There are 4 protein chains.
Amino acid sequence: MRLGVLTGGGDCPGLNAAIRAIAHRAWMFGDQLYGFREGWAGLLGDGNASLLGQEEIAGILHLGGTILGSSRTNPARSESEMRQVEENLRRRDIDGLVTIGGDDTLSVSARLSARGFAVVGVPKTIDNDVPHTDYCIGFDTATDIVGEALDRLHTTAESHRRVMVVEVMGRDAGWLAMVGGVGGGADLIIIPEERSTLDGVVHHVQHRMESRQFSIVVVAEGAQVEGIESTTSSSVDQFGHALLATRGIGTRLAEAIESRLGVEARVTVLGHVQRGGSPSMFDRVLATRMGATAVDYLHEGRVGVMTAIQGLEIVPVAFADVTGHNRTVDRRFFRLVEQFNTVEESAASHSHHT
Amino acid sequence: MRLGVLTGGGDCPGLNAAIRAIAHRAWMFGDQLYGFREGWAGLLGDGNASLLGQEEIAGILHLGGTILGSSRTNPARSESEMRQVEENLRRRDIDGLVTIGGDDTLSVSARLSARGFAVVGVPKTIDNDVPHTDYCIGFDTATDIVGEALDRLHTTAESHRRVMVVEVMGRDAGWLAMVGGVGGGADLIIIPEERSTLDGVVHHVQHRMESRQFSIVVVAEGAQVEGIESTTSSSVDQFGHALLATRGIGTRLAEAIESRLGVEARVTVLGHVQRGGSPSMFDRVLATRMGATAVDYLHEGRVGVMTAIQGLEIVPVAFADVTGHNRTVDRRFFRLVEQFNTVEESAASHSHHT
Amino acid sequence: MRLGVLTGGGDCPGLNAAIRAIAHRAWMFGDQLYGFREGWAGLLGDGNASLLGQEEIAGILHLGGTILGSSRTNPARSESEMRQVEENLRRRDIDGLVTIGGDDTLSVSARLSARGFAVVGVPKTIDNDVPHTDYCIGFDTATDIVGEALDRLHTTAESHRRVMVVEVMGRDAGWLAMVGGVGGGADLIIIPEERSTLDGVVHHVQHRMESRQFSIVVVAEGAQVEGIESTTSSSVDQFGHALLATRGIGTRLAEAIESRLGVEARVTVLGHVQRGGSPSMFDRVLATRMGATAVDYLHEGRVGVMTAIQGLEIVPVAFADVTGHNRTVDRRFFRLVEQFNTVEESAASHSHHT
Amino acid sequence: MRLGVLTGGGDCPGLNAAIRAIAHRAWMFGDQLYGFREGWAGLLGDGNASLLGQEEIAGILHLGGTILGSSRTNPARSESEMRQVEENLRRRDIDGLVTIGGDDTLSVSARLSARGFAVVGVPKTIDNDVPHTDYCIGFDTATDIVGEALDRLHTTAESHRRVMVVEVMGRDAGWLAMVGGVGGGADLIIIPEERSTLDGVVHHVQHRMESRQFSIVVVAEGAQVEGIESTTSSSVDQFGHALLATRGIGTRLAEAIESRLGVEARVTVLGHVQRGGSPSMFDRVLATRMGATAVDYLHEGRVGVMTAIQGLEIVPVAFADVTGHNRTVDRRFFRLVEQFNTVEESAASHSHHT
């Protein structure tokens, strides 16, 4: 067979591990593998692709980013672009395509699949919000980065008796905030899925400062906190993001806490470091298994599906079941943490009695 | 309630995260929590325990090892010792016990449970061989350590065109070798679950050296390779382990490869570094969820069970279903890698044609 | 002797390693050691100190922060506070004091020394700007953190063809930007010591984008770039820092680059993660040697000095020689890098010819 | 000019950073740079070299190993091979050569220089035993690896009350054992430079186990301990190293401690992981500065020298002053640690009184 592969959307650790596995598996079958450059952009116009060989694939397992490049180009918005995609695949006699990406990439893949082309998707996103898969490529590494940053901030917070507010990625889903925050020992985690109020946050931080003298608050960038005004259009720059990124919910929350409680509060906006660096072993193995299985699916004719991990198994999930909605954080998981935090103060007072 | 907690068997990263979660959850319920020292040894003789307070629990989330100490003491071998355990629990009015451990600890827990005491187990082992749970505490961190060691050996192997044999932990199960090996880019992985022959290994290494000029072989300490004699009793010292550890399968395999192929082969025995250090975020979150849930189970009367993770859920599994047998590596997972390796050479030769 | 120790100013990795070494060395001499809490604040009012024992010191070598706490309290600004400091030292019969800190702490130490009290200083600051010592405690670890962040941003910058602006700590000196930036492969480094213009920066980034398609710019928070207005007072909040921190030179520079070149530019403000976490071995050994030597100096009567490292030797430097001025980055070191960067483009064009 | 570069001897982190700096600096001057493959082997026979371009150099700053390959080939042992080296340099019109290596490589460089060829050496070795330079490339990273391994072993040693013996690299010099050991909190460090006896070691470990219940002993592979027989020839295999490596001083010392004290002792032989992986920022900056300066020296006609770092300065040192002898660990540095260790027990007993 002649296969193709592309990586779409924001980059994250583990993309190269997936590409490598796809290549090795394809070669095992005697297939040829074309790499399309810069996501879907590599399938527009005259196309931008090249045959992949051992040279490109050697030594990339541990590297972050993607050797194929990526972009947020989304051809599904235009019929003419979808036709260019098909045309480019046909011109190179591509029998099957593996697309590695998140929401957007999977949506385009579903559209392409509906038009009769053989596509298998591989989910990656540090937001971990793709339905029906326990994990997406890149998420585990991102939680390590968030957790390590919290470890570092702990020592400063404790030495200086401060409130540290840490803003992490996550527009619609709080997975990264939740798992990174629990792992890094945050005492309050604010996510888009759950209602939060400034009064509630201030109340928590005040108790925490009384019992432990420092506080680590993690907030997902997409979370809303009642009592803190949303970023108005006037503070958005001409590109629509720079000011948002640097005057986001984290900054405004830290200012509000400082103003209400009169304690020192500092904000750290983790930003793009969350999607960089060498993948964790978990992500490398996940990417390797998903990549190899995607090629198997193409050979078995199981197309129009995404590789998913459920427990220890890689299974196929139909595109129809994964596109169009995000998977949010499970309420029970969240509530566990909520009670956890509430308890710290009573624990402290309790321990005085013992 | 008055609860107790102990950690048994070999230490690993994440034990302190579990202890911390158990304490916070217990305090949330208004419980008192006793920590028994040095595993089951803390329940023998007059017992060795103390009430845990905020002081002991603060700041331990990220620390390896266990603040309670551990030991391989196994009272299940003697009726009189089991009675001492019960006596010590009764004397302190303990209503429920959380035991954090592997095989052995869970077996004792099952025995104690069968005698009518309320016990909930929490699985930990870098071998990851406890049935019915996708992951045990400590495993994910150990795979990171193995994978990072392989990353480091890659650069030396490639610069000097060598064969590197890496011996990792795993007497009966090859999980750590498999996941650490795939993550670290080993080109051959030898585990106890699958038959290996020296001829097969030599054949693989020879092909690999021809195509890529270096080779990374991972072998689990408990793997058998036909054609390499087992360690005879004469090379075991008076303590029964020192010589075994340092003249294990890895060393003998490296010597055999060197002797058969006349290439430079080096062995690295990772040893105890595999069970040390700060836990990964995955392990911290797993330990936190399992620890908190174990306390919930005691309050709900769901006893005689182990907390297990299946997919994203924590669920109870009866002791009867987990003791007495190990979970081995899934054959399909292994076969995926086997084909992977076999393919590298053909890939290399293939890429010359493209 | 009865000795005292305190940590002043911002915390950083290695403080605990120094405290541990001071304690062990003091105990070797048979001394008693008092720990004053929260920097100089522990010597004001009634004082806040306790005798240190093995319990407090065990297991802290690898921990960030300071077990003694710290503050920016500076008694040198008031004669009455200096008298309180002396009074508190006298009341506890302290024969000699080791002060671990930067600029401010060393200045107070010099004042106290001038009044006849036996003080030895130990330099720590991630700014590395204390004169006459090659390195200050905490600097090496901070360069690792900066460099690792750049490593992570590289993969994203390269995959998405972006300009990444990274703002690092350093109000008056560019050591951290320079060493972290060179280590992390920045192609442009902007420091307070050298004149920069927006035109120059834009020119560099444009060339770099043409030759390599991505650019990593490191800027010290205290750097001035001509053509970019300084933060005006109106954008400073009531606490005088929050807005400054989040609308600092990095953010404004990224916006200017984006606006002038029409390329995607992103800013990352590393913030407090730069001063947290476990110290590097270099910092642990430096802190251990400086701490132990400070105690030796007190016993030898070499007081009114700071421990300094010059080459591989720890030597005493009089307070008079280190207070009142910062050590800036050596021009030659900077120029080396400047040429380095300028060259990348010609290198790229050159390599096309070869 | 037409320049050449090679890397000789064992690989270590930072070699690629040096190669990259040499290339960029050479290109800045408008030079061409040839890379000789596999150390001096690339200058024997017909030679093995290629012109380096941007493609080879991009993205290697953070990679361990060496893109040029390395070998232990030493042409200085034969007049005919030295002539081949000169012949190969002449045939390619090489005007100046940068050699990156340790003892052996620098000796050959000195020989070549004495024959009138323009050579500048750059010192690298994780042993750090080259005279007149504070640091060699690779050493700092190796100390991090040793120290991190000790951090990991601490938790196991403490949880199980064990003696952990860690064997690190260092045949003639104890720098790595000393700096890694002090950084990682070893309580006893045994190096080749200082006389050790089994009685002394056992005495120390016994005291330590009584006061702290665990002990971490670091021993350099080349250290001699009186009372422990040297490895006899019969336990060396046909290649002269495999058995030595796995039955080295660490293993024999652990066995002796176990046998004499009846406590559990475990050995970890760190092996080749010590020379692998991504370089620390310290090593990257050192390598970058030394590499760039080596090219400057060639242009200034300062040849027959090695780049050395003394304090913060890079300076030239004549080959005659660095070849033929190793730099051993400074006695004073060692004695500081020795007293340190001796003191821990008295500290423990002391703290009971306070």
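**Helices, sheets and contacts**

Modeller: Happy to; let's begin with a helix pair: helix 7 of chain C passes helix 9 of chain C in a right-handed crossing. Keep in mind that this is a predicted model.

Colleague: At what angle do helix 7 and helix 9 of chain C pack, and how far apart are their axes?

Modeller: The angle is about 65 degrees, and the axes of helix 7 and helix 9 of chain C are 10 Å apart.

Colleague: Which residues meet there, between helix 7 and helix 9 of chain C?

Modeller: Helix 7 of chain C brings L198(C), V201(C), V202(C), V205(C) and Q206(C). Facing them from helix 9 of chain C are L253(C), A256(C), I257(C), R260(C) and L261(C). By class, this contact of helix 7 with helix 9 of chain C has eight nonpolar residues, one polar and one charged.

Colleague: Nice. What else does helix 7 of chain C lie across?

Modeller: Helix 7 of chain C, residues 198-212, also lies across strand 6, strand 7 and strand 9 of chain C. Its direction is at about 155 degrees to strand 9 of chain C.

Colleague: And the sheet those strands belong to, in what order do its strands come?

Modeller: It is an open sheet of four strands in chain C, ordered 7-9-6-11, with parallel pairing. Strand 7 (188-190) and strand 11 of chain C are the edge strands, each pairing on one side only. From one strand to the next, the twist averages 20 degrees.

Colleague: How many bridges join strand 7 to strand 9 of chain C?

Modeller: Three, and the two strands of chain C run parallel. I190(C), for instance, has V219(C) in strand 9 of chain C as its bridge partner.

Colleague: Which strands does helix 5 of chain C lie across?

Modeller: Strand 6 (163-168), strand 9 and strand 11 of chain C, and helix 5 of chain C runs at about 165 degrees to strand 6 of chain C.

Colleague: Let's switch to the interface. How many residues of chain C are in contact with chain A?

Modeller: 36 residues of chain C are in contact with 36 residues of chain A. On the chain C side, helix 5 (139-160), helix 8 (242-246), helix 9 (249-261) and strand 11 (265-269) each supply at least two residues. Helix 5 of chain C gives the most, with nine residues. Sorted by class, the chain C side that touches chain A has ten nonpolar, 16 polar and ten charged residues.

Colleague: OK, over to chain A itself. How is chain A divided into domains?

Modeller: Domain 1 of chain A takes in 2-138 + 279-322, and domain 2 takes in 142-275 + 330-353. Nine residues of domain 1 of chain A are in contact with ten residues of domain 2 of chain A. The domain 1 side of that contact in chain A comprises two nonpolar, four polar and three charged residues.

Colleague: How many helices and strands does chain A have?

Modeller: Twelve helices and 13 strands in chain A. Of its 354 residues, 62% count as buried.

Colleague: Which way does strand 2 of chain A run against strand 3 of chain A, parallel or antiparallel?

Modeller: Antiparallel, with three bridges joining strand 2 (residues 32-36) and strand 3 of chain A. F36(A) stands opposite A49(A) in strand 3 of chain A.

Colleague: Last stop, chain D. How many residues of helix 6 of chain D are buried?

Modeller: Nine of its nine residues, among them W175(D) and M178(D). Just after helix 6 of chain D, G185(D) takes a positive phi of about 80 degrees.

Colleague: What do strand 12 and strand 13 of chain D form?

Modeller: A hairpin with two residues between strand 12 and strand 13 of chain D, and G311(D) in the turn has a positive phi of about 65 degrees. The two strands of chain D pair in the antiparallel sense over six bridges, and I309(D) has I314(D) in strand 13 of chain D as its bridge partner.

How values were computed: Residues are numbered from 1 along each chain as its sequence is written. Chains are lettered from A and ligands numbered from 1 in the order in which they are written. This is a predicted model: local features need pLDDT of at least 70, side-chain atom pairs count only at pLDDT 80 or more; totals for chains, interfaces and linings use all residues. Two residues are in contact if their C-beta atoms, placed from the backbone, lie within 7 Å. Ala, Val, Leu, Ile, Met, Phe, Trp, Tyr, Cys and Pro count as nonpolar, Asp, Glu, Lys and Arg as charged, and the others, Gly among them, as polar. Domain bounds come from an automatic or database domain assignment. Two strands pair if DSSP finds at least two bridges between them. Axes are lines fitted to C-alpha atoms, for helices over the stretch in contact, and angles run from 0 to 180 degrees between N-to-C directions. A crossing is left-handed if the near helix is turned anticlockwise from the far one by less than a right angle, and right-handed if clockwise. A residue is buried if 20 or more other C-beta atoms lie within 10 Å of its own, exposed if 12 or fewer, and partly exposed in between; C-beta atoms are placed from the backbone.
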